[in-house]
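Have a look at the model first, then read on.

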Amino acid sequence: MRFLIEGLQSIWRNIGYGLVARRYEGLDLYAMMHMFWFSRAIHTMADLRLADHLKQPRTARELAELTGCQADPLERLLMFLKSSGVLTLDGQSRFQLHRRALTMASDAAISLRPWADVLGNEVWKAATQLTQTVRSGTGGFELATGQTYWEFLAGHADRRACFDEGMGIWTQVHSPEVVRKLRLKDRKVLVDVGGGGGRMMIAILKANPHLQGIVFDREETMSTARRNIAEAGLSDRLQARSGNFLEDVPEGDSYLIKHALHDWRDEFATQILQAVRRRTPENGRLFIVDAVLGQDRAGERFRRLLDIQQLLWTREGKERTQDDFTKLLSAARFRLDKVRRTAFHDVSVIEASPTR
Ligand SMILES: C[S@@+](CC[C@H](N)C(=O)[O-])C[C@H]1O[C@@H](n2cnc3c(N)ncnc32)[C@H](O)[C@@H]1O
């Protein structure tokens, strides 16, 4: 206890965190427990669309006018973002985006703004329930709002659009790697189960001109999926169909489930796979794209973080080991054939085939 108090006093005296941490093992937790302030600041940056307003250098007062904020607290936030290496400040008290923060602009080629928005709003709400989720086993979003995330989005079209945009951007980042790992030469109709706005299928069909596709998801995503498909010029080969994957899926000779199984605890994930299995022909093929826990040391911290995020955000979802996938697939009469890694720690392609 004495070392803790002394340690804290040392910090308050501004002796320097590094020195304190060296003297008192464990005090680095003091830094860890404050880390959420960095993410909160970035979420607020996204909410206020600061990066869009910083196409040119601006003072705190100018930014306050553009965002409808009070100049003083906004300036303090801007100074915190500057000290965190997100913004820079010139000799005329004008803030600018640091190079690394260009991705926060809404029109960036790969914009992180919508994902920061989702994390800072719905995921944050879920995260506040961590203790209660660990006690009760119920997902944090449901505890906080009384609804599952997908039910909530069904009643909030603007939040659904934000999620689809954010997810779609990640999927565009993942897609070249995933496309390379899929064995589709002998396939005719691929169904993307929980395919969201269709970004993955668009990339797959562009790379496989012989293939027809179906993006299958909840009714709320259909307008986004149809718009994306039409913009990609693929309306003749790619359909968007709505339904509930816990009950049934459209007919195809191959299936893809990307980052959708990890939204569900085993009981529901099994239901999804069983619905797919009922439609899968004997020569069918299933591709699951998800993280694989325990795959290597380098990505494990990130995958463990995602595992907690899934627990809180979704229907007690989870990341899984290869062994977990083998068991889950076997319960739905599939055999795990191969796991192909990609450059992303949370993206592996698991190939499976039907058994009797
Ligand atoms: C995490 S997103 C993944 C989207 C897409 N596969 C991707 O990687 O970009 C999970 C998707 O599952 C869909 N979903 C959730 N519950 C569903 C249900 N009962 N039936 C069909 N789709 C569902 C969601 O609407 C969402 O688009």
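Residues 24 or more positions apart supply 63% of the chain's contacts with a separation of 6 or more, where a contact means two C-beta atoms, placed from the backbone, within 7 Å. Keep in mind that this is a predicted model, with local features needing pLDDT of at least 70 and side-chain atom pairs counting only at pLDDT 80 or more, while totals for chains, interfaces and linings use all residues. Residue numbers start from 1 along each chain as its sequence is written.

The chain has 17 helices and 11 strands; these are DSSP runs numbered from the N terminus (helices H or I, at least four residues; strands E, at least two). Its C-alpha trace spans about 70 × 50 × 35 Å along the principal axes. Of the 356 residues, 36% are buried (20 or more other C-beta atoms within 10 Å of the residue's own; 12 or fewer is exposed, and in between is partly exposed).

Now for a helix pair. The axes of α8 (residues 113-127) and α12 (residues 157-181) come within 8 Å and cross at roughly 130°, using lines fitted to C-alpha atoms over the stretch in contact and angles from 0 to 180 degrees between N-to-C directions. That makes α8 oblique to α12, since angles under 35 degrees count as roughly parallel, over 145 as roughly antiparallel, 65 to 115 as roughly perpendicular and the rest as oblique. On the α8 side, Pro-114, Trp-115, Asp-117, Val-118 and Glu-122 make the contact, and their partners in α12 include Phe-163, Ile-169 and Trp-170. By class, this contact has seven nonpolar, one polar and four charged residues (Ala, Val, Leu, Ile, Met, Phe, Trp, Tyr, Cys and Pro are nonpolar; Asp, Glu, Lys and Arg are charged; the others, Gly among them, are polar).

Helix α12 turns up again at the ligand: α12 and α13 (199-207) each supply at least two residues of the shell. The ligand is surrounded by 18 residues, the closest being Thr-171, Gly-194, Gly-196, Phe-245 and Lys-258, with the C-beta cut-off set at within 6 Å. The shell has six nonpolar, seven polar and five charged residues.

| Residue | Phi | Loop |
|---|---|---|
| Arg-49 | about 50° | between α4 (36-47) and α5 (50-53) |
| Ser-93 | about 60° | between β1 (87-89) and β2 (95-97) |

Arg-49 is partly exposed, with 16 other C-beta atoms within 10 Å, while Ser-93 has 12 such neighbours and counts as exposed.
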